[in-house]
Amino acid sequence: MSLTTTGEASRVALAREGAGKLMHRCKVLAQCTEKPGEILRTFLSPAMDEVHGTMRPWMEAAGMTVAVDWAGNLRGLYAADGNESAPRLLIGSHLDTVPNAGAYDGVLGVLMGLALVEARAVRSYPFAIEVIGFSDEEGTRFGAPFLGSRAVVGELESNLLQCVDGDGVSVADALRDYAALRPETVEAALSPRAAAYLEFHIEQGPVLESRNLALGIVEGLAGQSRCNVEFRGRAGHAGTNPMKQRRDALAGAAEWITTVEAIAKRYENAVATVGQIAAEPGGVNVIPGVVRCSVDVRHAEDAVRAAVVQGILEEARAIAAKRGLHVKIAQYHEQPAVKLNAELVALAERAAGHAGYATKRMTSGAGHDAMVIAPHVPSAMVFLRNPGGVSHHPDENVAEEDVAAAIHMGLCFLDEFAAHVKGKGQSA
Ligand code: HGY
Ligand code: MN
Ligand code: MN
C-alpha cells in the first residue's frame, strides 16, 4: 500500500520529528540509573521505577493506557479505536541495562513503539498497539536473562526463580517483594489477541555500517548458553607455599579460560566469553582458594553451541583433576536459536522498501526478547545501524536520521500489517 506523494512527504516529516523526540527521550532515560556517572538499571530496581514514572506521561499523552505488571514490565496499550477485542501488534524491547551501558540498547526499541503510536495518531488501523518495556533482558542482577519477557510468556521456570543476586535475594523473593509494594501491578501475561511482535534494536555489530545501510531485517537469533564454573583449591600463604605443592584455584581458572577461547575458535562463528571472574579470599599475598567464573556461549546452530559447551566443560573437569582442584558447574541458562516468522520478516522487508530503504537480512549474535516471544507470537526484528558496532559501552550510539528511517519504515509496516490483518480476517 503506498501513500500519495503528499502523504509520503508528511510521513517523512512525522518520522523526522519523531526521531528528534526519541533521541531526546533516550538521553532523559539515561539519567535513570543506580550508579551516578554511568548507566546501570537492573531488574525491579528504583531506577526502573524512575523510567516507568518518566515514560508514563509520555505514553498517556499519546492516548495509551499504561500499567506495570508484577514482573516489572511496562505495558502501554493504544486500543484500536477503543475496540478491546482488536488484534494486537506488540512493539517492545527491554529497559534494563548492562553495567556502564550505552543509552540505546533496549530503550530505543521501547521508545520506537511510542514513536509509532504518536506518528500513527493521524491514522486508524484495524489493530491495537501494545508497547512493552521488558524489565530484564540482560540478566545483570541475577545472571539469568529475559526474566521480563519470560514472565509474559509464562516461562519463569523454577531454576530461574531460584537464581540469587549478590545480596542472596532470589528472583522469587524479589518478585514477591516487588508486587507486595505495588498492589496496582497487573497480570504479566500475553494478550490472547497478540497477533504479532515487532522489535527495533541497534545492531550491536558492524555489518550495517560496513554495507552503508540504515536498517537490517533480522531472520533469526543465535542460541545461547550460560554457565557458572567454580574452581575450589586451597588458599594459603603466598610467600611460604612452594609452587609444586599449591592448589591454586585462580591459576587453574586461568588455564581453563585460555581453552575456552581456543575451543570456540575451532568452530566458525562460535563465540564464548568469560565475562565475570571472582577470586577468594582476594588478598594480594594469599593463594586463591576459590574462583567463580561465568561463561556465555553462542552460535546460530544449537548442535554447534552444544559441542562448544561440552568441550569447555570437559576441559574444566580435566584441568581441575590435573591440578587437584574441585570443580562445580551450573548450566543455568539454555536459549535455543530462533528463526523469526517468515511472513512478518518479508512484511518488514517490504515496508522498508516502500519507505525507500535497502536492507540486508541478518542473523543476530546478540540475544533479544524477540527470541523469547517468537515461539508464542509471530515475531520480526529490525536492526538500526550502530556506529562502530559499539554497544554495552557508554560510547554506544545511533544516528538520528537512522531512527527517522526506522520510524518511516515502521509506519509503512503498520500499513502492511493492516492489510495482513484484514487478509487474515482478524481485523477489529
Ligand atoms: O547478551 C546479549 O546478547 C544481549 O545484549 N542481552
Ligand atoms: Mn544488551
Ligand atoms: Mn538489548
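This is a predicted model: local features need pLDDT of at least 70, side-chain atom pairs count only at pLDDT 80 or more; totals for chains, interfaces and linings use all residues.

Colleague: Fine. Which domains does the assignment give for the protein chain?

Modeller: Domain 1 covers 6-222 + 337-423, and domain 2 covers 223-335.

Colleague: How far apart are the C-alpha centres of domain 1 and domain 2?

Modeller: They lie 34 Å apart.

Colleague: And how many residues are in contact between domain 1 and domain 2?

Modeller: On the domain 1 side, 19 residues; on the domain 2 side, 12 residues.

Colleague: How much area do domain 1 and domain 2 bury between them?

Modeller: About 1000 Å². Carbon and sulfur atoms carry 46% of it. In domain 1, the residues that lose the most area to domain 2 are Pro145, Ala222 and Ala337. Together they make up 39% of what that side buries.

Colleague: Why quote an area at all?

Modeller: The accessible area lost when parts come together is often used to give the size of an interface.

Colleague: Which helices supply residues to the side of domain 1 that touches domain 2?

Modeller: α5 (158-161) and α11 (370-373) each supply at least two residues there. The residues on that side of domain 1 divide into 11 nonpolar, six polar and two charged.

Colleague: Switching to the ligand. Which residues are around ligand 1?

Modeller: Glu137, Glu138, Arg226, Arg298, Ala366, Gly367 and His392.

Colleague: What do the oxygen atoms of ligand 1 sit beside, at 2.6 Å, say?

Modeller: At 2.6 Å from a ligand oxygen there is an N or O atom in the side chain of Arg298. A polar backbone atom of Gly367 is 2.7 Å from an oxygen atom of ligand 1. For His392, a side-chain N or O atom is 3.0 Å from a ligand oxygen.

Colleague: Last topic, the backbone. Where is the cis peptide bond?

Modeller: It joins Glu280 and Pro281, with omega about 5°. Pro281 is in the loop between β10 (277-280) and β11 (286-287).

Colleague: What about Asn269: is its phi positive or negative?

Modeller: Positive, near 70°, in a residue other than glycine. Asn269 is in the loop between α8 (249-265) and β9 (271-273).

Key
Residues are numbered from 1 along each chain as its sequence is written. Chains are lettered from A and ligands numbered from 1 in the order in which they are written. Side-chain values use heavy atoms; hydrogens and water are left out. Domain bounds come from an automatic or database domain assignment. Contact means heavy atoms within 4.5 Å. Buried area is the accessible area (1.4 Å probe) that two parts lose on being put together, summed over both. Helices (H or I, at least four residues) and strands (E, at least two) are DSSP runs, numbered from the N terminus. Ala, Val, Leu, Ile, Met, Phe, Trp, Tyr, Cys and Pro count as nonpolar, Asp, Glu, Lys and Arg as charged, and the others, Gly among them, as polar. A residue is near a molecule or strand if one of its heavy atoms lies within 4 Å of it. A polar contact is a pair of N or O atoms within 3.5 Å; within protein, one must be able to donate a hydrogen and the other to accept it, and residues adjacent in sequence count only if both atoms are side-chain atoms.
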